[in-house]
Amino acid sequence: MMNIDGKFKKFAGHILPLIQRHSTCYGCCTRIDHLSVLFGKSKILDDIDLHFHCTNFVTIIGPNGAGKTTLLKALLGEVKYQGSITFSSFDAKSKSIPTIGYVPQKLAIDPTSPLTVSDLFAITMAPFSLFNQQQKIKMQESLTTVGAAAQAGRRLATLSGGELQRVYLALALTPLPNLLLLDEPLSAIDAKSADDFYQLLNRLKSSFDLSIIMVSHDIYRVAKYADRMIRLDKKIIDDDIPANVLKKIEEEQRNV
Amino acid sequence: MFEQLFSLFTLLPFEWAQFQFMFLAILAILLIAPLLAIVGTLATDNQMTFFSDAVGHAAITGLAIATLAELETSLWGIVLYAQLIALVLFLLKRFSNIKTDALIGIIANFSVALGIVLLSYTSGLNRLNTILFGSILSIGSEDLTFLCISALVLYPLIIFLYKVFWLVSVSPTLAKSRGLNFALFEYVLLAIIALVISVSILWIGVLVLNAMLILPASIAKNIGVGIKKYLTYSIIIGIISSVGGLLFSYYFGTSTGATIVLLQTIIFMLTLLKNIKIKQ
């Protein structure tokens, strides 16, 4: 533990001064106003208002087709939407484009793909240029942060589900994001690895003042770690601390 | 320029080195083989080998259109029709719900049918032979100049965009989170594959060209880990097997494209043994 925390501080030491210059809360707040997403004629998301702060771990739950992934995609700018999404710093009120880290559910890695972990970093960090020494050092730092330092030379297709998620997380942390989005990253992972992963996320959250938004199916486990739980089904059904949301869900189930 | 190089070439102590057609063919192979090998590494990992096959077949239509329009060289017809196909496929893939392989199948078969109808209408079916089997031994110095210019454009472009193509193929969303327009790069990759196929098809032939795209990459995949090795091995194997195949075809009087593919398949099977051993 001490060792990892020490590395966090070293890593944070490089990056925090840069962020502090722009903001007093070391990050950004994200404001979603009247967001709607249409797919064909059906509404996937209907008039969503949300506000995310930094150093906050928010989980989004809801049934299949509730628009959870679509909400993340809207934040990434990958789907067209009505309404507005603004990213701003607390002090300056300046609207800016934040760095967004994204951890996918799974990537379409062919089992025969020659792609290694360091290849994945190379194509993401330096798509148009040579993968230089400085970037390689950053990659090693990020992999060390998530406890995957030994995987750099391995083929992605040979990693286990838990190892792969740590690699994706390390990738999302390079460069250190203001907003970290995770799309059901733990759906193929055993309970022990999932708990480890959540603990890691919480450590990252407080070390780097991250704003974390995670879509999850495993509501009882995520409730132990998240600060806030949003129940989504095209609209926002609940938005509260996890314990209250769970209580409400249990009551509803009893009534049924 | 080719003349001076040829006089150097004739100094080689081989019988085939005395013929200008062999000299031009080897130069053409040295330009085409690495290009196909590089694009092959992108196509096999993007599930685009079916598309490259379709573009190859569409060359028949390109040839027919060129014949109909009485173009001086059929190459322009082939290049333009291939680009049209890349564009149509990209748009249909983006704006329709039809599965990609079905789309490609429809486009490829439509193109072949259209090509055959047009060729038979202009009584040009005999031209099919050249495009089906390829005729690298008949390449002229003007064709070679065109090939050199294409290579000068294509090599730097592909190398510059190589890692982006990988990123886009691994995850569009990941690319998007890094601020890259994945749709644009997906289209550019389709257009590049179409261009590479159309500038080499007349010399290698519709029937075997796709194999020259897939095999070096597949061989490299059997023996290399990591993108860098994958790419390097694919290029080296592409060059060696293609020059080797050309020389075999000279000595045995066989069709060049097909001979190259046979040689590559043998190498593939040998490396497959290694692959199977590692798995056990």
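Tutor: Start with burial. Buried means under 20% relative accessible area, exposed over 50%, and partly exposed in between (1.4 Å probe, protein chains only). Helices (H or I, at least four residues) are DSSP runs, numbered from the N terminus. This is a predicted model: local features need pLDDT of at least 70, side-chain atom pairs count only at pLDDT 80 or more, and totals for chains, interfaces and linings use all residues. Residues are numbered from 1 along each chain as its sequence is written, chains are lettered from A and ligands numbered from 1 in the order in which they are written, and side-chain values use heavy atoms, leaving out hydrogens and water.

Student: Which residues of α2(A) are buried?

Tutor: K68(A), T70(A), L71(A), L72(A), A74(A), L75(A) and L76(A). That is 7 of the 9 residues of the helix (residues 68-76), so the rest of the structure largely encloses it. Just after α2(A), G77(A) has a positive phi of about 80°.

Student: How do I read aromatic pairs?

Tutor: Rings of Phe, Tyr and Trp (its six-membered ring) pair if their centres lie within 6.5 Å; planes under 30 degrees apart count as stacked, over 60 as edge-to-face and the rest as tilted. The count is 16 aromatic pairs over all chains. F9(B) and F23(B) form a tilted one, 5.0 Å centre to centre with 50° between the planes. The pair links helix α1 to helix α2 of chain B, 14 residues apart.

Student: Is F23(B) buried or exposed?

Tutor: F23(B) counts as buried, at 4% relative accessibility. F9(B) is buried too, at 10%.

Note on methods
Helix = DSSP H or I, 4+ residues; strand = E, 2+ residues; numbered from the N terminus.
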